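Please load the model in a viewer and keep the selection panel at hand.

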Number of protein chains: 2
Amino acid sequence: MAHSDQYIDKLRKSGLRPTKQRIKICEVLFDAEKTFHFTIKELVKIIENQANIKVSLATVYNTVHAFIRKGYLKEIPLNASQSYFDTNVTHHHHFFDEEENKLIDIHQDDVDEVNIKRTIPGKKIRSVEVIAKIVSDNQSQK
Amino acid sequence: MAHSDQYIDKLRKSGLRPTKQRIKICEVLFDAEKTFHFTIKELVKIIENQANIKVSLATVYNTVHAFIRKGYLKEIPLNASQSYFDTNVTHHHHFFDEEENKLIDIHQDDVDEVNIKRTIPGKKIRSVEVIAKIVSDNQSQK
DNA sequence: ATAATACATTATATTTATTCTAAACTGTTG
DNA sequence: CAACAGTTTAGAATAAATATAATGTATTAT
């Protein structure tokens, strides 16, 4: 199966051996029809539901972080109590609904390129993220 | 003292009675010559150093969050283990140095206005933040 | 193959930021 | 000064994330 080879490749490039558990994590993350957002807890739950193998929290944490280091996943900058991740690593941004604690993608085409004119000596920009916080639009309240 | 009146006003508008502890918090936050970034832990440490009164963690958390609700402070969206806050509530953005865990302001003039063309029905945008993550620029490594 | 070695997985414990709680305290009002 | 509403506080509770150490699994060289 071609997919499986891709996963093994991703794992090897992340410095991880391709094991049953890690391949299962890859399947959930990269087999989905659409990209999606998730927390570690949600990811564990998905794996539990669709797999007959058990994967521990520690393995999920380690694997997700290895993928982030490598750029196969993105962490979404948010002040939530848990970390949110994204399988969509292309250039795009997010709405965060503060009332429902929900993330919504903003397609790259819907935001003009963010052009930062200032630079920091000796540093380069690794990523630029736009977070637009949204709330209910009740004209009544201020 | 004029300052003190401002603090009492801010506290009242945030739905809090002006008490010794809360006024001390205001002094540290709003008396500074320049705006600054802080974590709760850092704020507590500053208060301990320059005040002769004791303020508990709980009071600091409650007061800071009341000010954020009211817009007197901003929370900076970041996936750090602790929350970062900003006494600068004007429209501006941030670099986050991932290696030194340091925040650097980006002046509004240094970023073109972020114009989001997409809207969500029934929702309005409450804030737009740009986070640019930076790392050392070693040409040698990829 | 098999032994030796290196890496993985797991359950559990630990750490740490944040929130909750209940008791003691303060200040205001009748 | 008694009653009351709101505050402060220390410490407990919660929960995410990380570390640990024992056990399990894969790989390598012989």
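Which residue is the bridge partner of Ser127(A) in E6(B)? Select both residues: the partner of Ser127(A) is Lys133(B). Before continuing, note that this is a predicted model, in which local features need pLDDT of at least 70, side-chain atom pairs count only at pLDDT 80 or more, and totals for chains, interfaces and linings use all residues. Residues are numbered from 1 along each chain as its sequence is written, chains are lettered from A and ligands numbered from 1 in the order in which they are written, and side-chain values use heavy atoms, with hydrogens and water left out.

Strands here are DSSP runs (E, at least two residues), as helices are (H or I, at least four), numbered from the N terminus; two strands pair if DSSP finds at least two bridges between them.

Now display the whole open sheet of 6 strands, whose order is E5(A)-E4(A)-E6(A)-E6(B)-E4(B)-E5(B), with mixed pairing. At its edges are strand E5 (102-106) of chain A and strand E5 (102-106) of chain B, each of which pairs on one side only. Neighbouring strands of this sheet are turned by 30° against each other on average, direction ignored; the axes are lines fitted to C-alpha atoms, and angles run from 0 to 180 degrees between N-to-C directions.

In chain A, select strand E4 (residues 93-97), which is joined to E5(A) by 5 bridges in an antiparallel arrangement. Phe95(A) has Ile104(A) as its bridge partner in E5(A). In chain B, strand E4 (residues 93-97) runs parallel to E6(B), with 4 bridges between them, and Phe95(B) stands opposite Ala132(B).

**The chain A sheet and its loop**

Next, select the open sheet of 3 strands in chain A, ordered E1-E3-E2 with antiparallel pairing. Its edge strands are E1 (37-38) and E2. E1(A) and E3(A) are joined by 2 bridges, and Phe38(A) stands opposite Phe85(A).

Then move to Ser81(A), in the loop between strand E2 (74-76) and strand E3 (84-86) of chain A. Ser81(A) counts as exposed because its relative accessibility is 80%; exposed means over 50% relative accessible area, buried under 20%, and partly exposed in between (1.4 Å probe, protein chains only).

**Helix H4 of chain A**

Select H4(A), a helix of 14 residues that reaches 20 Å from its first C-alpha to its last. Among its buried residues are Val60(A), Val64(A) and Phe67(A). Just after H4(A), Gly71(A) takes a positive phi of about 90°.

**DNA strand D**

Finally, select the 15 residues that surround DNA strand D, the closest being Tyr61(A), Ser83(A), Thr19(B), Lys54(B) and Ser56(B); a residue is near the strand if one of its heavy atoms lies within 4 Å of it. Of the DNA strand D atoms within 4 Å of the protein, 86% belong to sugar or phosphate.

Zoom in on chain B for polar contacts (pairs of N or O atoms within 3.5 Å). A polar backbone atom of Arg17(B) is 3.1 Å from a phosphate oxygen of DNA strand D, and a polar side-chain atom of Gln21(B) lies 3.0 Å from a sugar or linking oxygen.

Notes:
Polar contact = N/O pair within 3.5 Å; in protein donor to acceptor, adjacent residues only side chain to side chain. Expected span 1.5 Å × (residues − 1).
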